[in-house]
Amino acid sequence: MLKPMASRWGKTIPRFSAANATPGKVMEALRVQGCAIIERLIPEPRVTQISAELEPHVASRLLPADGADVMLREHADFMGNRTKRMLGVLAKSPTMSEMAAHPLVLGVADALLAPYCERIQLHIGMFRRLCPGEGMQLLHQDRHSVPAMELKPARGEPGYFPGAQWGVAALWALSDCTAQNGATRLIPGSHLRSDVNLDMTLKRTEAQEQEVGWTPSEEDCILATMPRGSVLLYPSATVRGASANQTESVRDVCLFAYSPAWVRQEENLFLTTPPKVAAKLPQVVQELLGYSLHGQVLGMVDVNGDMGDPQDLLKEFSPSTATFAKRAALPVLSRQTLSANAELLRSTCEHIGFFYLVDHGLEEKLLRAQNALRKFFLQRDEVKAKVGTSTSRVFPQHSRGWVANETLDPSRQGVLDLKESLEVGLERPEEEDPQKRPFRGPNNWPSELPELKEEFMAAVNALHELSLEVASALEVCLEVEPGTFVKKCDDPMVLCRGLHYYTPLGGDTPDEAALGCSAHTDYGLISLLHQTAKGLQVLHAEDNVWMDVDPLPGSLVVNLGDLMQRWTNGRFKSTVHRVLPPEPGQRRQCISFFLDANFDAVIEPLPRCIPPGEALKYPAIQAGQHKLAKFKVQSGSELDDQSAEFFRRTVEAPKGASVGGA
Ligand SMILES: O=C(O)CCC(=O)C(=O)O
Ligand SMILES: [Fe+2]
């Protein structure tokens with residue numbers, strides 16, 4: 001009979017708790033034993049909710065034994081006469097997104113399939129209810145679900161995983177799975193054999209039937225019993241089958257299998273989860289369903305008059321576009337009439353230092369850049385790390401390349417922002433001595449995405465031009481001599497960051513204090529932001545409340561930085577702002593462009609901005625030293641005494657009382 005604990009080869013099913021499972025440990029268990037269980041990975045109330053969402057759909061189905069019209073009737077021993085099967089589960093239970101995109105499961109599936117594909121997808125989502133009286137299922141592998149092909153890496157090559165190209169499965173227990181009610185039985189280690197002599201649907205030739213292979217036996221099986229909310233993981237080559245349900249109750253499970261995102265999916269997920277349904281699911285689940293690209297072109301659609309990413313087409317079905325209409329109470333200014341609207345521009349800069357800019361003419365360039373960045377952010381960390389800041393040829397290194405860890409708020413040192421970014425500057429040759437000319441030099445581009453450089457830099461260059469135009473309009477509205485600002489920006493420390501904010505779904509609940517981007521003021525003169533979703537907030541200084549600055553279609557957000565505040569003796573505001581993390585499973589991108597002065601520019605309050613009788617609030621500083629001090633905080637490096645003093649005197653001060661000096 002079946003032995004629940006260990007097989008006769010001494011193999012077992014490795015077990016983990018939600019607290020001690022890591023993708024690395026689970027992956028190792030799969031490699032050796034071909035299976036692993038993580039107990040109670042989804043909390044009980046969520047499982048109850050999922051069962052309630054599914055029940056109306058399950059209850060109304062007939063069993064094959066009661067006359068249901070089923071596919072593959074010739075495989076009744078496999079499919080089960082007293083088993084209800086159901087696809088399209090995410091459309092029926094959106095809460096199951098937490099299972100389909102569980103970060104631990106995705107971490108394991110991704111690690112296992114990484115050598116075989118650029119990214120993974122959901123292969124099938126199948127609910128299965130074994131009803132009382134169901135017999136034992138035939139032992140099988142999942143060979144039927146991917147055509148047999150010779151794939152790399154082959155046996156013996158790095159990253160090879162036996163049978164991995166067929167996929168990985170996560171079987172979630174929606175009921176307790178017991179020895180009596182039909183827990184899966186499986187043969188640990190069976191995934192390592194290449195001579196398994198069975199298959200569900202492969203039509204074998206007679207000659208093949210004669211071949212001597214290994215026929216697994218019931219004796220080798222052990223039972224994957226597990227409590228509700230647990231998940232059993234196995235690569236598709238592991239031999240297994242449900243056992244019989246000898247109880248009077250049902251046994252519910254749901255299988256989410258994952259495959260390389262370039263194969264035909266076993267379930268036609270585009271039909272079972274059509275766009276108007278998928279649009280309501282978290283973005284990470286949409287991507288897994290297949291509303292995403294593999295590589296440059298697999299899965300593309302016709303969108304915006306070009307071939308493009310299905311995410312863009314899906315947006316047309318998105319309920320969230322409606323929320324884009326909500327605007328913060330910020331003024332909306334047009335690029336065409338900025339200087340003509342001097343009064344409004346000036347009062348906006350004096351009060352809040354943030355406004356929307358429309359009719360800027362850059363929308364198409366920005367959308368192309370956002371798309372190219374999206375492809376970059378969807379790459380695995382190993383790929384992105386190839387252009388990490390440590391490979392940067394610019395001083396400080398943190399000013400170029402992929403930044404995964406940072407905080408902008410010195411009082412939160414150690415608490416990292418929930419974001420990643422790709423940081424670039426104006427494209428320049430490498431400096432002989434980068435320390436002598438900080439923030440200058442070449443950018444880091446990933447060879448995997450040849451179009452990224454062109455798309456991103458087209459946006460950066462256009463934003464640069466626009467920022468100088470805004471600087472000139474500020475000269476006009478302050479009635480200072482033309483060129484006052486712009487002349488000190490003719491060799492500027494321009495930086496632009498493509499930012500990506502993402503909160504995993506169903507993982508640990510993020511700390512309430514968790515932030516996408518911690519509170520800060522910007523460093524230079526003018527910042528231009530192009531955001532794809534809400535999350536940005538500015539601190540309303542008078543009321544001390546955070547105000548949402550949601551994206552307004554076709555607009556950029558413009559805000560002023562510290563240098564502008566100092567230059568105007570505090571008349572223009574460099575306002576504190578931050579970014580909240582997106583809802584679990586959602587993504588947000590922002591292109592932030594920063595116009596800063598020339599490194600050597602000395603910035604001191606303009607006489608025009610110091611009315612008679614008013615004190616000079618800020619001493620002169622060198623723009624480059626100011627930026628370097630802020631960068632030390634941002635990159636988490638220890639401040640040396642001199643920098644700490646500088647930071648205290650010049651950077652922190654604008655938030656508090658005015659600094660003496662006059
Ligand atoms: O993501 C955003 O909206 C803004 C980010 C930001 O404030 C910055 O990069 O300085
Ligand atoms: Fe900022």
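Is Phe-439 buried or exposed, and what is its relative accessible area? In this predicted model, Phe-439 is buried, with a relative accessible area of 3%, and its place in the chain is the loop between strand S16 (419-425) and helix H15.

Most residues other than glycine have a negative phi, and most peptide bonds are trans. Phe-439, however, has a positive phi, near 65 degrees, and Asn-569, which is not a glycine either, has a positive phi of about 55 degrees. Asn-569 sits in the loop between helix H16 (562-567) and strand S23 (577-579), and Asn-569 is likewise buried, with a relative accessible area of 1%. Gly-34, which comes just after helix H1, also takes a positive phi, of about 75 degrees. The peptide bond that joins Phe-395 and Pro-396 is cis, with an omega of about -10 degrees, and Pro-396 belongs to the loop between helix H14 (381-385) and strand S15 (401-403).

| Residue | Backbone angle |
|---|---|
| Gly-34 | phi about 75 degrees |
| Phe-439 | phi near 65 degrees |
| Asn-569 | phi about 55 degrees |

Helix H1 itself (residues 23-33) has Val-26, Met-27, Ala-29, Leu-30 and Gln-33 as its buried residues. These residues lie on the same side of H1, because they cover an arc of only 160 degrees around the axis. An α-helix has 3.6 residues a turn, so residues three or four places apart point the same way. The partners against which the buried residues of H1 pack are strand S1 (15-17), strand S2 (36-39), helix H6 (103-113), strand S5 (168-173) and strand S8 (231-235).

On the H12 side the contact is made by Ala-342, Leu-345, Arg-346 and Cys-349, while H15 contributes Ala-473, Leu-474 and Cys-477. Sorted by class, the contact of H12 with H15 has six nonpolar residues, no polar residues and one charged residue.

Terms used
Residues numbered from 1 in each chain as written. Chains lettered and ligands numbered in written order. Predicted model: local features only at pLDDT ≥ 70, side-chain atom pairs only at ≥ 80, totals over all residues. Heavy atoms only, no water. Buried < 20%, exposed > 50% of the residue type's maximum accessible area, 1.4 Å probe, protein only. Helix = DSSP H or I, 4+ residues; strand = E, 2+ residues; numbered from the N terminus. Arc of directions from axis to C-beta. Contact = heavy atoms within 4.5 Å. Nonpolar A, V, L, I, M, F, W, Y, C, P; charged D, E, K, R; others polar.
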